[in-house]
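Hello,

I am passing a structure over to you, and I hope you enjoy looking through it. Below it you will find my notes on what turned up.

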Amino acid sequence: MPRRITSGFFGGMINQDNHIHLILDGKNYKEAVKRHENGPDENYIRSVFEGYKQRGVKYLRDGGDNMGVGIYAKHIAHEYGISYLSPDFALHKKGYYGDILGKSFEDEKDLEKRLDELEKSGADFVKIMASGIMNFSDYGAFDGGMIGEDEIRRYIGRIKARSFPVMVHVNSDASVRAAVLSGADSIEHGFFMEKETIHLLAEHECVWVPTICAVGNLVNNKNMRGADRNVLENTVKKQIENVTYAINIGCRVALGTDAGSYGVSHENAISCEEDLLMECSWDYEKMIDISNKFLWKKFGGK
Ligand SMILES: [Zn+2]
């Protein structure tokens with residue numbers, strides 16, 4: 001894959017990352033979480049914000065955590081000239097993927113209780129996990145279980161009824177389709193979509209945040225035990241093809257990196273995603289900038 005040489009992001013057009021995990025540091029999940037075991041580690045949060053400020057980043061949307069880090073950070077972000085949106089914790093169905101960054105619910109009644117919590121805590125939007133995570137040794141397969149399309153519709157319907165914007169972590173064609181049709185405001189990751197589903201996204205003005213670098217960064221990572229390099233490469237290739245198609249048909253594609261997740265550092269995530277977006281469109285900066293602004297408004301950002 002050709003790669004543009006970047007000198008790091010500064011002063012470019014893109015000053016927004018719509019999918020970060022402030023709580024994580026891109027290195028070690030356990031150690032990152034330990035940092036906050038006695039409450040959000042203010043020094044760490046401030047150092048991450050300072051880094052973003054130095055790199056000219058002004059808008060950050062978080063993917064949630066279950067230690068109160070994001071919701072705390074929301075109140076100090078402005079000191080760094082950053083507008084920051086937090087879902088507080090992400091939601092997942094009990095027994096399915098999502099434990100590490102969120103809180104679970106068992107059924108719809110339970111989901112309503114979680115939504116009460118989020119209304120009280122001042123979450124800017126709701127994040128829900130509607131599918132598992134990719135299995136990097138089996139192309140197109142997922143770990144962590146897949147909830148049914150019918151359930152996806154019911155859960156997102158409940159969230160929308162509370163007037164929350166909704167960010168949906170979802171992969172696989174059928175699951176993405178169900179999420180878009182039930183009113184998802186943004187689709188996170190969205191790997192393995194078919195073209196018809198990309199058209200649905202465009203029709204519904206649902207924003208796609210493809211987080212290509214979250215997988216792209218793993219291709220050359222020698223510590224990926226059990227991962228098949230071909231699977232990683234083909235997954236990235238398919239995503240680049242889909243993003244190219246999406247931009248061409250006018251689908252709203254916004255930039256999000258999954259910064260903080262394994263192998264994706266807060267320092268260079270945006271420039272890494274830009275390198276990959278550049279392979280999708282020579283005009284990507286303009287397109288992404290328009291979609292970023294659209295997403296921000298949709299999610300109530302200032
Ligand atoms: Zn994420």
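One term first: two residues are in contact if their C-beta atoms, placed from the backbone, lie within 7 Å. Please keep in mind that this is a predicted model, where local features need pLDDT of at least 70, side-chain atom pairs count only at pLDDT 80 or more, and totals for chains, interfaces and linings use all residues. Residues are numbered from 1 along each chain as its sequence is written.

**The chain as a whole**

The chain holds eleven helices and eleven strands; here helices (H or I, at least four residues) and strands (E, at least two) are DSSP runs, numbered from the N terminus. Its C-alpha trace spans about 50 × 45 × 40 Å along the principal axes. The radius of gyration is 18 Å, which agrees with the value near 19 Å that a compact globule of 302 residues would have. That radius is taken over C-alpha atoms, and the globule rule is 2.2 Å times the number of residues to the power 0.38.

Of the 302 residues, 49% count as buried. A residue is buried if 20 or more other C-beta atoms lie within 10 Å of its own, exposed if 12 or fewer, and partly exposed in between, with C-beta atoms placed from the backbone. Among contacts between residues at least 6 apart in sequence, 68% join residues at least 24 apart.

Two packed helices are described by the angle between their axes and the distance between the axes. Axes are lines fitted to C-alpha atoms, for helices over the stretch in contact, and angles run from 0 to 180 degrees between N-to-C directions.

Helix 6 (residues 173-181) packs with helix 7 (residues 195-203) at an angle of about 15°, their axes being 10 Å apart. These two helices are therefore roughly parallel, a label for angles under 35 degrees, while over 145 is roughly antiparallel, 65 to 115 roughly perpendicular and the rest oblique. Their crossing is left-handed, meaning that the near helix is turned anticlockwise from the far one by less than a right angle; clockwise would be right-handed. On the helix 6 side, Asp173, Val176, Arg177 and Val180 meet Thr197, Leu200 and Leu201 of helix 7. These residues divide into four nonpolar, one polar and two charged. Ala, Val, Leu, Ile, Met, Phe, Trp, Tyr, Cys and Pro count as nonpolar, Asp, Glu, Lys and Arg as charged, and the others, Gly among them, as polar.

Helix 6 also packs with helix 5 (residues 149-161), at about 30° and with the axes 9 Å apart. Helix 5 and helix 6 are therefore roughly parallel to each other, and their crossing is right-handed. Glu149, Ile152, Arg153 and Ile156 of helix 5 make this contact with Ala174, Ser175, Ala178 and Ala179 of helix 6.

Lysine 127 lies in strand 6 (residues 126-129). Lysine 127 is buried, because 30 other C-beta atoms lie within 10 Å. Beyond its neighbours within four places in sequence, its contacts include Gly63, Pro87 and His169.

Glutamate 205 sits in the loop between helix 7 and strand 11 (207-209), and its phi is positive, near 50°, though the residue is not glycine. With 11 C-beta neighbours inside 10 Å, glutamate 205 counts as exposed.

Threonine 211, in the loop between strand 11 and helix 8 (212-216), also has a positive phi, of about 40°. Threonine 211 is buried, with 27 other C-beta atoms within 10 Å.

Best wishes
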